[in-house]
Amino acid sequence: MVKIWFMDNEQTDQRLEHHRSPPEYLELADLYKKTGVEYFKINADAYQSDEVLTQLRAKRGYTYDDEITCSEKCLPDYANKLKAFFTEHLHTDEEIRLVLDGSGYFDVRD
């Protein structure tokens, strides 16, 4: 189950929580039906050899990956990078996101 967020036009700090009030949740099967977003649980401690991830890469032909650490300490020009992440943009190819530590959210629209 995932929590549904509401992205308003607040521009001061996109890291602030914009949850619906009262909070709303969506089952993972419904998330897929509504958006096409899939969720897979893998072993983050051994992600490079995780069988689920290995099978996904092979089945879907994923040939490229990169890794970032999204923190003020580790990411050059952190504030501007966050703004770039927040700016609405399109991804025309299927992508996979693997969160090894921490949390995040994705704004998915139809």
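Arg60 is partly exposed in this predicted model, with a relative accessibility of 30%, where buried stands for under 20% relative accessible area, exposed for over 50%, and partly exposed for values in between (1.4 Å probe, protein chains only). The side chain of Arg60 forms a salt bridge with Glu38, and the closest N and O atoms of the two residues are 2.7 Å apart; a salt bridge is taken here as a side-chain nitrogen of Lys or Arg within 4 Å of a carboxyl oxygen of Asp or Glu. Arg60 belongs to helix H2 (residues 51-60), whereas Glu38 sits in the loop between H1 and H2, so the pair ties together parts that are 22 residues apart in sequence. Glu38 is likewise partly exposed, at 36% relative accessibility.

The model is a prediction, for which local features need pLDDT of at least 70 and side-chain atom pairs count only at pLDDT 80 or more, while totals for chains, interfaces and linings use all residues. Residues are numbered from 1 along each chain as its sequence is written, and side-chain values use heavy atoms, with hydrogens and water left out. The mean pLDDT of the protein chain is 83, and 89% of the residues score at least 70, pLDDT being the predictor's confidence in each residue on a scale from 0 to 100. Within the chain, confidence is highest in H2, with a mean of 94, and lowest in strand S1 (residues 2-5), with a mean of 78.

The secondary structure of the protein chain consists of three helices and two strands, which are DSSP runs numbered from the N terminus (helices: H or I, at least four residues; strands: E, at least two). Along the sequence, these elements follow the pattern β-β-α-α-α. Of the 110 residues in the protein chain, 13% are buried. The chain exposes about 9700 Å², of which carbon and sulfur atoms supply 49%; this area comes from the Shrake-Rupley method with a 1.4 Å probe, and for residues only the protein chains shown count as cover. Among contacts between residues at least 6 apart in sequence, 40% join residues at least 24 apart, a contact being defined by heavy atoms within 4.5 Å.

Five salt bridges are present in the structure. One of them joins the side chains of Asp30 and Lys33, with an N to O distance of 4.0 Å. Both of these residues lie in helix H1 (residues 28-35), where a separation of three residues corresponds to about one turn of the helix. Asp30 is partly exposed, with a relative accessibility of 29%, whereas Lys33 is exposed, at 67%. Another salt bridge brings together the side chains of Arg97 and Glu95, at 2.7 Å from N to O. Arg97 is partly exposed at 48% relative accessibility, and Glu95 is partly exposed at 40%. Through salt bridges that share partners, Glu38, Arg60 and Glu94 are joined into one network.

Both ends of H2 show local features. Just after H2, Gly61 adopts a positive phi of about 70°. The loop between H1 and H2 also contains Lys41, which is exposed at 67% relative accessibility. Although Lys41 and Val52 are eleven residues apart in sequence, their C-alpha atoms are 7.9 Å apart in space.

A positive phi is also found at Asp77, a residue other than glycine, where the value is near 55°. Most residues other than glycine have a negative phi. Asp77 is placed in the loop between H2 and helix H3 (78-86), and this residue is exposed, with a relative accessibility of 52%.

A search of the whole structure for disulfides, meaning pairs of cysteine sulfur atoms within 2.5 Å, finds zero. Cys70 takes part in no disulfide, and the nearest cysteine sulfur, which belongs to Cys74, is 9.8 Å away. Cys74 is in no disulfide either, with the sulfur of Cys70 as its nearest cysteine sulfur. Cys70 is partly exposed at 40% relative accessibility, and Cys74 is partly exposed at 46%.
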